[in-house]
Amino acid sequence: MATKPSISYSDPRFGEVINNYAPLVKRIAYHLMARLPASVLVDDLIQAGMVGLLEASRNYQPQLGASFETYAGIRIRGAMLDELRRNDWAPKSVHRKTRELAEVVRNIEAKTGRDARDVEVAEAMGISLDDYYKILQDSTTARMFGFEEIGVDEEAVETGMIEAGSEPFEDIQNLRFRQRLTEAIAGLPEREKMVVTLYYDSEMNLREIGSVLGVSESRISQLLSQALIRLRARMKDWYKDR
């Protein structure tokens, strides 16, 4: 049986938690902002993240094995993502086109047995390369665009912490989902895999990744978009079967 939280909202230790972990909240907020349009205010993300931090301090159970900072990072980012979902700015057409793009990538890769190429995807969709890149750009700022949309919070992917009751996979504590996702990431084209690793594991922003790879920030945004669409396509069988 889970132990009850040891800290309540009225506990003065909340002030210590805020002081110690406010930098973590800000770091996560600014990391997310790299993928969001200018209409999203970083102060709103920070405010939501602070709520997540307080919830984390109230519900943390050290016997589960994770450090508080790891657990708090999951809750902080989850609170920010919830805030973004409540204020979804992306038109339905953006979500529809992103799903269509993922399906085209899936079909091409199933037919050819290799990574789908930009030109092939654009041709299959009956659009120009410029329009294809525009969809990628729009997808970058759509709320659906992240690991959380293929079944698990992105922090959980990094840390291996997946909570019971996570939707739509209530039983992924058996590690099969993480193993499948790890395999899918490993199978990405080399540059896309590097961008995903630097963004999620090293927590570098798009500008920093661009400097490392010697390309523009907009190109890194395209590569990250392509990688996540490719992952969505390659993971479809998993969550459809579930």
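Axes are lines fitted to C-alpha atoms, for helices over the stretch in contact, and the angles between their N-to-C directions run from 0 to 180 degrees. Helices are DSSP runs (H or I, at least four residues), numbered from the N terminus. The model is predicted: local features need pLDDT of at least 70 and side-chain atom pairs count only at pLDDT 80 or more, while totals for chains, interfaces and linings use all residues. Residues are numbered from 1 along each chain as its sequence is written, and side-chain values use heavy atoms, with hydrogens and water left out.

**Two helix pairs**

Two packed helices are described by the angle between their axes and the distance between the axes.

| Helix pair | Angle | Axes |
|---|---|---|
| α2 (residues 42-59) and α3 (residues 68-86) | about 135 degrees | 7 Å apart |
| α10 (residues 206-213) and α11 (residues 217-234) | roughly 100 degrees | within 8 Å |

Angles under 35 degrees count as roughly parallel, over 145 as roughly antiparallel, 65 to 115 as roughly perpendicular and the rest as oblique. Helices α2 and α3 are therefore oblique to each other, whereas α10 and α11 are therefore roughly perpendicular to each other.

Contact means heavy atoms within 4.5 Å. Among the residues where α2 meets α3 are Leu-45, Leu-53 and Ala-56 in α2 and Ala-72, Ile-76 and Met-80 in α3. By class, the residues of this contact are eleven nonpolar, four polar and two charged. Here Ala, Val, Leu, Ile, Met, Phe, Trp, Tyr, Cys and Pro count as nonpolar, Asp, Glu, Lys and Arg as charged, and the others, Gly among them, as polar. In the second pair, Leu-206, Arg-207, Ile-209, Gly-210 and Leu-213 of α10 meet Glu-217, Ile-220, Ser-221 and Leu-224 of α11.

**The nonpolar cores**

A nonpolar core is a set of buried Ala, Val, Leu, Ile, Met, Phe, Trp, Tyr and Cys residues joined through side-chain atoms within 4.5 Å. Buried means under 20% relative accessible area, with a 1.4 Å probe and protein chains only; exposed means over 50%, and partly exposed lies in between.

The largest nonpolar core has 23 residues, and those with the most contacts inside it include Leu-45, Leu-53 and Ala-72. Elements giving two or more residues to this core are α1 (13-33), α2 and α3. Its largest share, eight residues, comes from α1. A second, separate core has 21 residues, including Val-196 and Leu-228.

**Ala-72**

Ala-72 lies in helix α3 and is buried, with a relative accessible area of 0%. Leaving aside neighbours within four places in sequence, Ala-72 is in contact with Leu-24, Leu-53 and Ala-56. Ala-72 and Tyr-21 are 51 residues apart in sequence, and their C-alpha atoms are 8.7 Å apart in space.
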